[in-house]
Amino acid sequence: MQHNLIGALQIIAGAICWGTLGILGTQLNRLGFTGTEVATLRILIAGLTLLVILPYFRPYLRQIKKRHIPTLVVQSLIGMLGMSLCYFAAVARVGSSLAVTLLYTAPVWSLVFARLLLSERISRKSAFLSATAVLGVSLTMLGNGTADPTGILVGLGSGMCYALYGVLGKRAMSGSPPMLVFFTSIILSAFALLLFPNTYPTIAKLTQQSPAAWVATTGISFIGTISASFLFMRGLQKMPATKASVFTIFEPLTAVLLAAVLLGERLQTLQYIGVVLILAAALLNTAPPHTHRRRNRIIVS
């Protein structure tokens, strides 16, 4: 029980760190960076940071096995890089509110992928709480997104990638330590970005920016990427991927609260209802299975 509680708290903390991406990303957008450039910078700076502290990860790298490399590569390129690129592409086409809503279809996709890839059982409770979480996110992220078919498809793609980040991470950790999965998910994504021609103009653009851009970029990499992924992987080690995906909805909750406090945005009634649904789904997800005695046997429902 305590093991699951610690895992839940770590995933919630990671989700809160992810929730700061909106404020930091908005700052970089105001300084002239596009969504794709923001995604590129957050992964590259995070990757560079991990290379600086490479000696810490060396013991974990020695444990890597050839048969685990394909899973680690796919988890990185789809879960980390794919999600970032799809998400910011969706933001450009349908707006940030609808893009976040589409991203947080991830709990539903996670049920499917966890069943297919991890053989995890889909309980009625997991399905209900995932649907409740998605509904809550939809209400909290109400906005003026446009119904662009391509944008909607890309946004759904970001939700699928986000779900696979956790599901494939769980599968990778079945044969690899979580710190190895954490390291490779960022490093491999960063190296993949070096193959994109637009990466180098983005780096050059950052070197010409004011200190404010560097502060925002550092924050988006250290808080929104390294800290978030580190905490998520630690928590994922302690619970099923389907449960972990529900706790990640604290990310949009954090984004809404930060927007209200720092940007003065006022929540609508439906958004408050969404916040309540998010908290209810997360709290119910931590509840232990109900037990009762019947004819001298323990029945678990």
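**Packing around helix 12**

Guide: This is a predicted model. In it, Val38, Leu41, Arg42, Ile45, Ala46, Thr49 and Leu50 of helix 3 meet Thr217, Ile220, Ser221, Phe222, Gly224, Thr225 and Ile226 of helix 12.

Visitor: At what angle do helix 3 and helix 12 pack?
Guide: About 75°, and the axes are 8 Å apart. That angle falls between 65 and 115 degrees, so helix 3 is roughly perpendicular to helix 12.

Visitor: And how do the residues of that contact divide by class?
Guide: The contact of helix 3 with helix 12 has 8 nonpolar, 5 polar and 1 charged residues.

Visitor: Take Thr225. Buried or exposed?
Guide: Thr225, which lies in helix 12, is buried, with a relative accessible area of 0%.

Visitor: What does Thr225 touch?
Guide: Leaving out residues up to four places away in sequence, Thr225 touches Arg42, Ala46, Ile186 and Ile220.

Visitor: Which backbone oxygen lies 3.0 Å from a polar atom of the Thr225 side chain?
Guide: The one of Ile220.

Visitor: Switching to helix 1. How does it run against helix 12, parallel or antiparallel?
Guide: The axes of helix 1 (residues 2-19) and helix 12 (residues 211-236) cross at roughly 160° and come within 7 Å. An angle over 145 degrees counts as roughly antiparallel, and therefore helix 1 and helix 12 are roughly antiparallel to each other.

Visitor: Left-handed or right-handed crossing?
Guide: Helix 1 passes helix 12 in a left-handed crossing.

Visitor: Which residues make the contact?
Guide: From helix 1, they are Gly7, Gln10, Ile11, Ala13, Gly14, Cys17 and Trp18. Helix 12 contributes Ile223, Gly224, Ser227, Ala228, Ser229, Leu231, Phe232, Arg234, Gly235 and Leu236. By class, this contact of helix 1 with helix 12 has 9 nonpolar, 7 polar and 1 charged residues.

Visitor: What about Lys238, where does it lie?
Guide: Lys238 is in the loop between helix 12 and helix 13 (241-247).

Visitor: What is Lys238 in contact with?
Guide: Setting aside neighbours within four places in sequence, Lys238 is in contact with His3, Asn4, Ile6, Gly7 and Gln10. The side chains of Lys238 and Gln10 are joined by a polar contact of 3.0 Å.

Key: Residues are numbered from 1 along each chain as its sequence is written. This is a predicted model: local features need pLDDT of at least 70, side-chain atom pairs count only at pLDDT 80 or more; totals for chains, interfaces and linings use all residues. Side-chain values use heavy atoms; hydrogens and water are left out. Axes are lines fitted to C-alpha atoms, for helices over the stretch in contact, and angles run from 0 to 180 degrees between N-to-C directions. Helices (H or I, at least four residues) and strands (E, at least two) are DSSP runs, numbered from the N terminus. Angles under 35 degrees count as roughly parallel, over 145 as roughly antiparallel, 65 to 115 as roughly perpendicular and the rest as oblique. A crossing is left-handed if the near helix is turned anticlockwise from the far one by less than a right angle, and right-handed if clockwise. Contact means heavy atoms within 4.5 Å. Ala, Val, Leu, Ile, Met, Phe, Trp, Tyr, Cys and Pro count as nonpolar, Asp, Glu, Lys and Arg as charged, and the others, Gly among them, as polar. A polar contact is a pair of N or O atoms within 3.5 Å; within protein, one must be able to donate a hydrogen and the other to accept it, and residues adjacent in sequence count only if both atoms are side-chain atoms. Buried means under 20% relative accessible area, exposed over 50%, partly exposed in between (1.4 Å probe, protein chains only).
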